[in-house]
Amino acid sequence: MPHEQLTETLAELTDRLGDKVLETGPELARLSQDSSRYQPSHRPLAAVLATTTDDVAIALRWANTHRVPVSVRGAGTGLAGGAVSYPNGLIISLEHCNRIRDIDPVNRLAVVEAGVITADLDRAVREHGLFFPPDPASVEISTVGGNIATNAGGLRCIAHGVTRDSVAALEVVLADGTIINTGTRTRKNVVGLDLTSLFVGSEGTLGIITAATVRLKPIPPGTPHTFRASFDSIQAAGQAVTEIVNGQAQPEVLELLDAHSVETIEAFSPSGLDVPKAAVLIGQTVGDDAAETARAITQVCTEHGAVEVAIAENDALLAARRLANPALSARGLRVSCDVGVPIGQLVDVFRGIEEIATQHGRAVSIVAHAGDGNLHPIVEAGDSHDEYLAAEAVIVDISKLAVSLGGTISGEHGIGAVKHHELPIQLEQAVLDTQQAIKHALDPNNILTPARAI
């Protein structure tokens, strides 16, 4: 439909939602993009600043009737371009759907709207002696809905799993505006298909998640301990990770930063973290035996060549890890990826990435949730289009490497628009066709996040 005609029909939506419909201004431009390198060069039709599930339903009924493509946005922290607007498209923003509807300490559940900031939920439930396990590096700015849409993992994934493992039920608005509720508040539930898991990680392609019932856990007793171990070889660090993950002493967090990442973070926000020759492992242990567990883990590191180890009773090291993405982006390493490999292949993937970097003549910095095999290699690139294309070629080779080792092209950031061209690297045509069949069944007019994710 031509832009002029769409503008006329937009009056129908404005009549229903009033000033929640935004058609011009800098706020519309902000809502048009996310934190990825996929930048829009077009103008969306409008944005809906939803505050209720009904607002979302009204907006989707209108969009479905007029075949208007819809992008879904939370806090805009996504790195895969999944929330970027479409030309003449409608943005549905869930930032203001940000209420914690219920905290149920007895059943260790909370009901939250999609726009709730992850750290705000965690702080709220800690008043009841509980915590929310998902812990992405962007925990202070990312939303629960965004984490669910991409099935984010984060720092505590090694101990508590990915976001899907903490989701009991969902409130979802389908493409035609129908509101459904999936899952239950019980631990066990085998009634019908598992629609909750289907929507988790679907990146806004099957429906818009407006609220979730999430699982909580008791805060571990004792004082948490953080540890670090510096290595002169990143492969040696990988060998240490493999033994730690398969050993008796288990950390709650186990992260890896290569030397360039540490140097960049220290230049960005000094924390006193020494720059290793090759890589540093940073982790945290919890529980009454946290100190003993940390000592056992650092002993494993020493046995695998760690040249320096340290243990402390604070979170300073983890705070430095959370600065990795903004620090590297500020330095110009903006083209990142999100591959995952089985733990046993960490040494091989580190070696392979070094070879790829050498072949392309590009600096590649590695930040990793090492304990679960999820790596975020970040490639050096200037601001020109040619520079980005060259960096993208490096990313594609790293994705192919990960899949060849039994891994995945995305562990938690999602596919979005940025990695959509890589899907055939991992998925055979029959699988792609099956996903599209599910998409067509739920969104026959293909208005929800079209040509992304699946």
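Analyst: This is a predicted model. Start with the lining of the largest cavity: its residues divide into four nonpolar, three polar and three charged. Who are they? The lining is made up of R37, L79, A80, S336, C337, D338, H413, G414, V418 and K419. By class, L79, A80, C337 and V418 count as nonpolar.

How much space lies in the largest cavity? About 60 Å³. The structure holds one cavity of 30 Å³ or more. Rolling a probe the size of a water molecule over the atoms shows where such empty space is left.

Next, an annotated span. The UniProt record, an unreviewed entry, places "domain: FAD-binding PCMH-type" on residues 40–219. That span is 22% helix and 26% strand. The C-alpha atoms at its ends lie 42 Å apart.

Now two helix pairs. Helix α8 covers residues 234–245, and helix α10 covers residues 290–303. Their axes come within 9 Å and cross at roughly 140°. That angle makes α8 oblique to α10. The crossing of α8 and α10 is right-handed.

The second pair is helix α13 (residues 346–360) and helix α14 (residues 385–404). Here the axes come within 10 Å, with a crossing angle of roughly 155°. Angles over 145 degrees count as roughly antiparallel, so α13 is roughly antiparallel to α14. The crossing of α13 and α14 is right-handed.

Conventions:
Residues are numbered from 1 along each chain as its sequence is written. This is a predicted model: local features need pLDDT of at least 70, side-chain atom pairs count only at pLDDT 80 or more; totals for chains, interfaces and linings use all residues. Side-chain values use heavy atoms; hydrogens and water are left out. On a 1 Å grid over the protein atoms alone, a cavity is a set of points where a 1.4 Å probe fits but cannot get out, and a pocket is an open set with protein on both sides within 12 Å along at least five of seven lines; lining residues have an atom within 4 Å of a point. Grid points are joined across faces, edges and corners, and a volume is the space filled by probe spheres set on the points. UniProt positions are given in the numbering used here, feature names are shortened, and annotations may be inferred rather than shown by experiment. Helices (H or I, at least four residues) and strands (E, at least two) are DSSP runs, numbered from the N terminus. Axes are lines fitted to C-alpha atoms, for helices over the stretch in contact, and angles run from 0 to 180 degrees between N-to-C directions. Angles under 35 degrees count as roughly parallel, over 145 as roughly antiparallel, 65 to 115 as roughly perpendicular and the rest as oblique. A crossing is left-handed if the near helix is turned anticlockwise from the far one by less than a right angle, and right-handed if clockwise.
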